[in-house]
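Welcome! Please take a look at the sequence and the 3D view below, and then we will walk through some of the details together.

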Amino acid sequence: SPRPQKALHLRELNLLLEQLRVLWRLVHDRRWISQQQLLFVNGRIDEIGRMTGGWLKDLERRNPSVHP
């Protein structure tokens, strides 16, 4: 897909990751998962977030018109 669409998808992914963080925190607050499970999941979400951010920065660096 064209770069502007890729950037749009990556920004949408960032928003979805934020939603996931909130939902997993809620699941933990309700004691449906342990602290260890929350830490594990948050670690994976953070890793995906770092990759997403890196791809977005690379797109913006290559094509400044992609910036929001």
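How many salt bridges does the structure hold? There are five salt bridges, a salt bridge being a side-chain nitrogen of Lys or Arg within 4 Å of a carboxyl oxygen of Asp or Glu. This is a predicted model, where local features need pLDDT of at least 70, side-chain atom pairs count only at pLDDT 80 or more, and totals for chains, interfaces and linings use all residues. Residues are numbered from 1 along each chain as its sequence is written, and side-chain values use heavy atoms, leaving out hydrogens and water.

**Salt bridges**
- Glu60 pairs with Arg11, and their closest N and O atoms are 3.6 Å apart.
- Because Glu60 lies in helix α2 and Arg11 in helix α1, this pair ties together parts 49 residues apart in sequence. (Helices are DSSP runs of H or I with at least four residues, numbered from the N terminus.)
- Glu60 counts as buried at 15% relative accessibility, while Arg11 is partly exposed at 24%. (Buried means under 20% relative accessible area, exposed over 50%, and partly exposed in between, with a 1.4 Å probe and protein chains only.)
- Arg62 bridges to Asp58, with the closest N and O atoms 3.0 Å apart; both lie in helix α2, four residues apart, or about one turn of the helix.

**The loop**
- Arg31 sits in the loop between α1 (3–29) and α2 (35–62), and Arg31 is exposed, with a relative accessible area of 75%.
- Most residues other than glycine have a negative phi. Arg31, although not a glycine, has a positive phi of about 65 degrees.

Terms used: Helix = DSSP H or I, 4+ residues; strand = E, 2+ residues; numbered from the N terminus.
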